[in-house]
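Dear colleague,

I am passing on the structure that we spoke about, together with some notes on what I found when going through it. Please look through it alongside the notes below.

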Amino acid sequence: MTMRSAMTLSRSIGFADLVGTRTRTRPATDSVNAKIEVRNFSFFYGNFKAINTVSMDVPANHVTAIIGPSGCGKSTLLRAINRMHDATIGARAEGEMRFDGVNVYDQDVDSVLLRRRVGMVFQRPNPFQLTIFDNVAYGLRVNGMRDKKLIAQKVEESLKRAALWDEVKDRLFKSLGTALSGGQQQRLCIARAIASNPEVILMDEPCSALDPIASLKIEDLIDDLRDQFTIVIVTHNMQQAARVSDLTAFMLMNRATRAGELIEFDQTDKMFTAPSDQRTEDYISGQFG
Amino acid sequence: MAKQQHAESWSNGKSVLRHGDVPFRIGTVVLASCVVGLVLAMGVIMFVSSGEARTAFGWDVLVGQVWNPVVTDIAEPTFGAWPAVRGTLLSSLVALVIATPLAMGIGIFLAELCPPALSTPLSFLVELLAAIPSVIYGVWGVFVFVPFFNQVFSVPVSDALGDYIPWLAGPVATGRGVMVTGIIMAIMILPTIASLTRDVLRLVPNTQREAMLAIGATRWETIWLAVVPYSRAGIIGAVMLGLGRALGETMAATLLIGNSQRISESLFAPATTAASLVANELTNSVSSLHESALITVAFALFGITLVLNLGARLLIWYVDRGMAGGRS
Amino acid sequence: MNTPKNYRWRKFVDQFMRGSAVVATGCAVIPLIAIIGYVLTLGASALSVQFFTDIYQPPNMAQAATDGSEPAFDPNDPFAGIGATQDGAVVGDGSNPEANVYAGAPVGGVLHGIVGTLIITGLGLLLALPIGIFAGIYLSEYRNERYATIVRFCCDVLSGSPSIVAGVVIYVLVVIQSQQFSAFAGSLALMILMIPIVTRTTEEMLKLVPESMREAARGLGAPTWYSTFTVIIPAALPGIVTGVMLAFARGAGETAPLILTVLGSNVMSTDLFAPMASLPLLTYRYTESPYPGENTLAWGAAFVLMMLVLVMNILVRVATRRRAGASR
Amino acid sequence: MSSMTISQLAPFYGARQAVKPVDMQIATQEITAIIGPSGCGKSTVLRCLNRMHETILGASATGTVLLDDEDIYAPGIDATLIRRRVGMVFQQPVAFRTRNIYENVAAGLRLQGMSRKAELDQAVEEALRSAVLWDEVKDVLSKPGTALSGGQQQRLAIARALAIKPDVLLLDEPCSALDPIATANIEELLVQLKTTLTIVIVTHSMQQAARISDQTAVFMVDTSSGNAIGELVEKSSTTNVFTNPSDPRTESYISGRVG
């Protein structure tokens, strides 16, 4: 079934049916601290403005989804949070990206240390060509952990949380991370990201390279992780956003300037049932994108 | 508060790991600079050491006709390397004339005509030809090729045509000379040109071939009128790199060209090349002027190959860029 | 179907030229097979246990051993019997024509050459590795910097310039300064020739490591130097080892720079600061020698060199193919 | 101008059959459109009609394709001559990079042995006029073909194909790389050309097929056997196909439910 027919269907039978039995009810309330505050944030590649003055508050210990058609700047925004663009020539930011109240683009903020607190999971699983164990232990070692026992304990813990332990426990030191299947690789990358206990996990379309069953496992995993971590996920799959997130941000490329803009940011169930912006409704009902 | 602590910890990382990037960068840049320094040092060293001969003779070191290192009663030592320069140019020319069409044929065959199952092993074989040390070509040339070539080509040809065409004149004698050296050099530079040609032909987008086929061109017309013109800059670059290799080739020339300072018109007569002159005489040089003259010859060789390399790289770079533009 | 008027001719050209491309490829394969064939058959017949375990004795010494006469060469003189002795005399220059009688079969072997080649090339590679690998890392990890273009070009200049030039530079810089031909000088010359190979393979292999791995490491808060050593280099290691092996093979076959730096020796020497024997030098000297026995040894030495190159290249081929297959 | 009769045509890639045997008539003075979702083999079938298919490594085809009454797959038939009679225009506009506009059009003529300047000039102008490009390029004939815009390059490719006076013109999604205005130009041109030429066009745009074609063939992907194989499900007049499709799969494709 195509996206369009699914969505048209959902409007007639309601949000709960769309997201299935996995409906969550955990509204983000104002009482929750904002972990990341985006304030009038713009992002440039050379002279090209990729994101135009986005402002939003990402609450701690919730899952925030960013959706939108391709080219709308959602991945750029996500990667701006932990300054992954630093290595890109000509990339620069304007406005503020506050993490725990500190603007991460301040001069004295060290991007390397920032990334140790803000983990990231990428679109394509990218395990290192190291053993499974070394893959997960990598972040720990980067953080200066040398105690072998502690590392082993942390690796086991992370693999268990990433629901991968049972599948790999017999070959932790024998198999390379790259020898696993795609879905396993992505869970390995999640285990690697959570091992060093970051505060925020950014996920850039983590399921787009996976089959439906592997995707479902990742979604379950996100569900389990939401209590300990602040998760921001970019996805092009609206059902996925609806299923896993507490809040949803919808971005769109401005046709005139070709810069991405934030159209609407609200609680997920509201976004999918009663969006306040016509463009959001059009997108969600599949009329463009 | 916890928030505040975090904020402070950002600017002072505790981990030792943190501070490795600056030394890492410095280390790689310094060692990479060794490569640049090496090239500069080579240039400077040869420039300085060739000074004596350059001030004594000027350009005559390269174009003077007489090379006489020994002091005799009747003559001062004179250093004019023209016989060697001429031998280098002639033998490289012979090599290029033979190798270019052959190498293009091989490149075309490997890139356009050959079934892929055969292409990989054949390419490997051709590249193997490039890996064989030049001294082995020399050995083979001396013991196998020269006697064979004398018998089936040099002697009959010089007997038949030598009286009419001076550069095919006999006597063939030992058989060592410009012609055999050129042929062996052709075999040596063949793989260089062929594999680069294959590479640039493979970069030609398939749309160009299909467009030519679709207006009723034969397979060869497609290759010759659409594919080869598209990558001509790259092919010229490949030939230039091959020429660079031929000009600087030392061992095959030393063993095969006969090492004679006399200028003879015949391609079958012994001659000498710049590289073999240096290899033969530098360790036995009789005076500092002699040494300096030989270094000048080497310096000229270095300069020429540098220019050829620069030109070839520019051409191949131009092709790569052009392809990228064409593909998008 | 009616055939257009010029079609028969076009068809002929098509088939003729395609045939020519096949023939051209054959022309490249024939000398390759001839060279490998001759070296393997003639070389193999020169092999014996003695060939690998003994050092060579010049004909006069062999004669002296049998009839007790005074040997023409001093057995303790390392320059004995090689091309250039102190007084400029050359082997087989007619001073002892009867020696030919005793030189039908080779006496001894090339152990000194094998040992020398391993030492000179090994040391050269050791010297080239740090510069080559770090320059390669620089070119790959800071590939967009303008300075990288300069380094890359200098690398091309080094790999394109004639090997004799490296010999000349080291001759001027080391041999003249120290008044001594030495294995160490040879290693320095080979270093110059091996650096570009190691650098470019390292660069290419590091570039093959997907950008996503660098991103992953960056995303975990790893500084560049740490991720380079813990993730990028381990992933590229097999390829880098390949490059190192090829550099060794190339260095082991180089002759011209060694003529100017190592000179060669007829005795077993492991002194780095003295002339040393080496396989390509022995091949060269014995090829020029008038004694059939020495010629046979030349084939044998060529055989060993050829095997080294073949084995290295095939090993590299197998290794890279398996890797390409595994990553797919 | 020639008609084509396709019977039991089955293209293969190596051992894999790409499309189930096709039977189809292509009439003169009409535009025949081939539509279908991606992967249904529509381009493959088109490329079989001038034997371009077999230029892909390992590709082959069985069955017969009659050009008028001659089987182009009969033994002894030269593919080069077939391609001279059945011209082709590709998805990506292709200009020969090393030739100017004039020589791009003249390329095919020169192959045929035409070398007299006056004759060539006239044929090139005629071809460029038929491709409605003459007015735009007549002053810049010595500029490289690649200097033209995408739409102009595509018309240049059509001019090049027309120059050698083919009987049939095949077009493989000729507008997919073009903007709407350039697309409209090409469509208009095709409608003009059909009076003197048999035209077969593969397109992924149903609207385009509906706008310009007289006959429409609908291809579908059949995955029931486990691996995907293309299949001709319907061939009829365009009006029929779009208003009264006989096959349910055609109907669902056209109403946008598949693909």
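I begin inside chain D of what is a predicted model, where Gly151(D), Gln154(D), Arg155(D), Ile158(D) and Leu162(D) of helix H6(D) meet Ala182(D), Asn185(D), Ile186(D), Leu189(D) and Leu193(D) of helix H7(D). By class, the residues of this contact divide into 6 nonpolar, 3 polar and 1 charged. The two helices, H6 covering residues 150-163 and H7 covering residues 180-193 of chain D, pack with their axes 9 Å apart and at an angle of about 20 degrees. Since angles under 35 degrees count as roughly parallel, H6(D) and H7(D) are therefore roughly parallel to each other, and the crossing in which H6(D) passes H7(D) is right-handed.

Chain D also touches chain B, in a contact that takes 25 residues from chain D and 20 residues from chain B. Between them these two chains bury about 1900 Å², of which 64% lies on carbon and sulfur atoms. The count of salt bridges between chain D and chain B is 1: Arg47(D) is paired in a salt bridge with Glu210(B), and their closest N and O atoms are 2.5 Å apart.

Turning to chain B and chain C, 74 residues of chain B are in contact with 80 residues of chain C, and about 7100 Å² is buried between the two chains, 80% of it on carbon and sulfur atoms. On the chain B side, the residues that lose the most area to chain C are Phe24(B), Trp140(B) and Trp220(B), which together account for 9% of what that side buries. Chain B and chain C have 2 salt bridges between them, and a salt bridge is formed by Glu145(C) with Arg25(B), with the closest N and O atoms 2.6 Å apart.

Two helix pairs between these chains may interest you. In one of them, helix H5 of chain B (residues 82-113) packs with helix H1 of chain C (residues 7-45) at an angle of about 110 degrees, the axes being 8 Å apart, which makes H5(B) roughly perpendicular to H1(C). Their crossing is left-handed. On the H5(B) side the contact is made by Leu102(B), Gly105(B), Ile106(B), Phe109(B) and Leu113(B), and on the H1(C) side by Arg18(C), Ala21(C), Val22(C), Ala24(C), Thr25(C), Cys27(C) and Ala28(C). These residues divide into 9 nonpolar, 2 polar and 1 charged.

The crossing of H7(B) and H11(C) is left-handed. Here Val135(B), Val139(B), Val142(B) and Phe143(B) meet Pro280(C), Thr283(C), Tyr284(C) and Thr287(C), a contact with 6 nonpolar, 2 polar and no charged residues.

The C-alpha atom of Asp21(B) is separated by 35 Å from that of Leu306(B), 285 residues apart along the chain.

With best wishes

How values were computed
Residues are numbered from 1 along each chain as its sequence is written. Chains are lettered from A and ligands numbered from 1 in the order in which they are written. This is a predicted model: local features need pLDDT of at least 70, side-chain atom pairs count only at pLDDT 80 or more; totals for chains, interfaces and linings use all residues. Side-chain values use heavy atoms; hydrogens and water are left out. Axes are lines fitted to C-alpha atoms, for helices over the stretch in contact, and angles run from 0 to 180 degrees between N-to-C directions. Helices (H or I, at least four residues) and strands (E, at least two) are DSSP runs, numbered from the N terminus. Angles under 35 degrees count as roughly parallel, over 145 as roughly antiparallel, 65 to 115 as roughly perpendicular and the rest as oblique. A crossing is left-handed if the near helix is turned anticlockwise from the far one by less than a right angle, and right-handed if clockwise. Contact means heavy atoms within 4.5 Å. Ala, Val, Leu, Ile, Met, Phe, Trp, Tyr, Cys and Pro count as nonpolar, Asp, Glu, Lys and Arg as charged, and the others, Gly among them, as polar. Buried area is the accessible area (1.4 Å probe) that two parts lose on being put together, summed over both. A salt bridge is a side-chain nitrogen of Lys or Arg within 4 Å of a carboxyl oxygen of Asp or Glu.
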